[in-house]
Amino acid sequence: LEEAAPPLSIEDILAAALEDAGAVRGTGGRPWWRSPGAVAAGATLVVLVAIGGLTLFLRSLTGSGDSAAPGPRPALGVAVPIGGEPRSLAAVDGVLYVSVDDALVGFDPVTGSVTGRLDAIGPLSFIAAHDGDLWVGGDNMLWHVDPDRMEIVGSVLGLGGPGVAAHGSIWTGVFTDHTEDDTTDYPAGRPEGAAVARVDPATDEIVAVISLEPSCPPGAGEPGEVGSLAASTDAVWASTSCGGEGDYVTIERIDPAADRVTRVVTLQLDPGAQAFDPRLLVVDDQIWGYGSIYIWSEELGDLLEGRVYRITEADEPEFLAAIGQFPVGAVHAEGSVWVTDCFDATVTRLDPATGSVVGSPMPIGTPAPAEFDWFQPEGFTCPSSITAVGSTLWIIGSVDGTLIPVYPDPSAAPGPTVTLPVPTAPP
């Protein structure tokens, strides 16, 4: 089982839209998806290269977006209500750990009982595990948690954003919105711009800070913070973006032995497209990106589409599949890649070798309505973070406050299942 890439939380998804979008989706001065804030809330994927003309751009994407042979259809288990607004999710030694509002809660996925709870730790952007312990990240703080006692045993100020445990260290973004009283002990002084910190899990100290090298052309805006982190067998990968109307994204390879960037892939958007930081996932040691892209043209109007792609050895993006509107979580488990979509309330299965969609998207909740209150979203599921415990996938419903089990092998479902409608053939 490979570790899931850190997904967007519902706080990331919705709050970022408030600054510039109307308070209600689909209402306000302009369509919500055309506002920069809402695009930022879409947090995602970039399809590069300007190839002239939006229609040509869309039709020229090559890859294996057609459905592969489906095989047995996964079974949907009965959702477990946990309340609040769950965000991050991780599995450690068979226990599910979920960030719910300002608490970290442990669940036994077999019995559904609560194994422990740590309150007042704040909203968490990621949960990572190393050597039986948990490291959880929030705004401006990395917490070291003993999961047996559910107690904080260490912390590091000045870190936040995405995170991953790999290569004997904890890797996370450096919180760039510093204050004058910031007392964080950075090895070479406080970094400027996007940076990744490496933390020694034995001492809870920052041992290295690696500044990223986003190449922002004139007019493309300033480099942003680290958007996503993922780890392969010999590297840590980070994404960051340039702001502004002409968007560029960089995906950078960090050598964990040398603590430096050794490869930079710069992705340029088509002139008709906007997108922000892609979520990263390592699949068989290849880097995949997934998320939404906003496109507008007089011919096609407004489009918000989920895309999945991977970076080739030639540092080119290879389009794999179009998935829903708003994919926000992914995991490589049980021989497939599974991608959740918040707005469509689905999970889609992909072949990790080809990137082909396997079967039909599986409904796992209530889709988002055409209009909803950004300040108090309700009435839909918003599947987001996803992980695996044994042969069961667990997915967070970020709006309706649920944990949703999915059984890839329906014959081995350990609990009750929900009858789903038989999918119809695509037109």
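Helices (H or I, at least four residues) and strands (E, at least two) are taken here as DSSP runs, numbered from the N terminus. By that count, the protein chain has three helices and 32 strands.

This is a predicted model, in which local features need pLDDT of at least 70 and side-chain atom pairs count only at pLDDT 80 or more, while totals for chains, interfaces and linings use all residues. Residues are numbered from 1 along each chain as its sequence is written, and side-chain values use heavy atoms, with hydrogens and water left out.

Of the chain's 427 residues, 54% are buried (under 20% relative accessible area, with a 1.4 Å probe and protein chains only).

Four strands form an open, antiparallel sheet in the order β8-β9-β10-β11, where two strands pair if DSSP finds at least two bridges between them. Its edge strands, each pairing on one side only, are β8 and β11. From one strand to the next, the twist averages 25 degrees (axes are lines fitted to C-alpha atoms, and angles run from 0 to 180 degrees between N-to-C directions).

| Strand | Residues |
|---|---|
| β8 | 126-130 |
| β9 | 133-138 |
| β11 | 151-157 |

Antiparallel strands β8 and β9 are joined by five bridges; in one of them, F126 has G137 of β9 as its partner.

Terms used. Buried < 20%, exposed > 50% of the residue type's maximum accessible area, 1.4 Å probe, protein only.
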